[in-house]
Amino acid sequence: MLPQNLIEAETFARARLARVVYDYYRSGAWDETSLRRNREAFEQIDLWPRVLVDVSSRDAGTTLLGTRVSAPILAAPTAFHRLAHPDGEVATARAVAAAGSIMVLSSLSTTAVEEVVAQGATVWFQLYANKDPGITQALTDRVIAAGCKALMLTADTPVWGTRERDQRNGFRLPHGLGAPNLASLDPVGELKSRTGSAMCGAFDWMLHPALSWQELERICARSPVPVLLKGVMRGDDSARAIECGCAGVVVSNHGGRQLDGTPATIESLPKVVEAVAGRGLVLVDGGVRRGTDVLKALALGADAVQIGRPQLWGLACGGEEGVRLIFDQLARELDISMALAGCRSLTEITADLVRWRSAP
Ligand SMILES: Cc1cc2nc3c(=O)[nH]c(=O)nc-3n(C[C@H](O)[C@H](O)[C@H](O)COP(=O)(O)O)c2cc1C
C-alpha cells in the first residue's frame, strides 16, 4: 500500500525507519513551537476561489534562475539521505530529475556532489560558510566544477539548534556513512576521526558563528553562479541580502530546527516579498505538505516552495520511486487546487485569492 499524501507518508516512513533516524528527521528545536507553527499557520489562511473560469488547460511550470521546472516545488537541502535508504541522494536526484524539479543538495550529503549531479537533475548546492574563507572557496569551486547551477548559503546556523530527542538518543552517523563533500576539506581530520560518533561535535568545525554581511558580499562577488540566502525571516535582512548581490532569498526557519519561537515561515513571507520588491527570487519552506499550501504561498508572493522532510519520508517508503511519488502527489494537488481556485497558470495565482483569518 502506498501513502495517499505527504502527511500519510510520514506515518509510513515512521514504521520503516529506526527510531533514532526517524527522531533525527522529524525533530524541531527545544519545545518545537516553530515546527508546529509552520504547519498550523497554513490553516489560518483562507482561500477565496474564482469560479466560471475555463480551467480546462492548466500549467504550473515556471523558470527559476534559468531552469524550467514543471511545478514550483523544489527539494530543500536535507542532510544524510542514506540514513533513509541505501541509495540516498542518488535516488533523490533521479526522482527530482524525473519530476522536472531542482534538487538543493545539502553540504551534509552522504553522497559526493559529483555522483549526485551525474544523475541528471539540476542541482543547486547548499553551503555552510566555513570560518576559514579558503575552505568555503575550495568547496564552492568543487561544486561549481561538478556542475551545480546555484549556491544556497544557509544563514540560520551560527551554532546548531538543540534537538533534545537527538541528545537523548545519542544520535550518531553509523559507521560507513560520512559527509564526502566536506571530509577532504576538514583541516583537523575531525570528520574522518569522528564519523560514526556523535554528530554535533564532529560537524562543529564547519559552522561560522561570525559570518557577516561583508562575507556574503564577497561570496556573491566571487561566485560565477547565482547565490541565494537561506534562512531569512525578516524584511530588512532580505533587502540587505539582495543589496549584497544575492539572486534571491529563502524564507525558512530550518524546519523549526534552529531558533525555536519564530513565527511560521508563511507568516514571514509577505514582509520578505515586500522588501525584496521583485529584485530577486523569494522561496519559502517549512510545513508545506498540501497543494493548497503551495497555492497559498504563491498567492502570498513566493516564486516557489521547497519541501524538506517529505523527501526523506518518500525515500524511506520506497527510494527513488518513493521520492517521485511525493513530488507527483504534491504537483497533482497543486494542479487540482489551481483548477478549483480558477487559476490556469502561476501568474493567475494572485494575492486576492487568500486572506488571513486573523492578522499575523
Ligand atoms: C533532517 C533534516 C536535515 C536538514 N538539513 C539541512 C541542511 O543540511 N542544510 C540546510 O540548509 N537545511 C537543512 N534542513 C532544513 C531544510 O532545508 C528545510 O528548511 C526544512 O526542512 C523545511 O521544512 P519542512 O521539513 O517542514 O518541509 C534540514 C531539515 C531536516 C528536517
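Helices are DSSP runs of H or I with at least four residues, numbered from the N terminus. The model is predicted, so that local features need pLDDT of at least 70 and side-chain atom pairs count only at pLDDT 80 or more, whereas totals for chains, interfaces and linings use all residues. Residues are numbered from 1 along each chain as its sequence is written, and side-chain values use heavy atoms, with hydrogens and water left out.

The ligand is surrounded by 23 residues, counted where a heavy atom lies within 4 Å of the molecule. The closest are P77, S106, T154, G287 and R289. By class, this shell has eight nonpolar, 10 polar (Gly among them) and five charged (Asp, Glu, Lys and Arg) residues. Helices α2 (19–26) and α15 (309–341) each supply at least two residues of the shell.

Polar contacts are pairs of N or O atoms within 3.5 Å. A polar side-chain atom of S106 lies 2.7 Å from an oxygen atom of the ligand. Taken alone, the ligand exposes 600 Å², of which the protein buries 98% (Shrake-Rupley method, 1.4 Å probe).

The whole structure contains 14 salt bridges, defined by a side-chain nitrogen of Lys or Arg within 4 Å of a carboxyl oxygen of Asp or Glu.

Methods
Polar contact = N/O pair within 3.5 Å; in protein donor to acceptor, adjacent residues only side chain to side chain.
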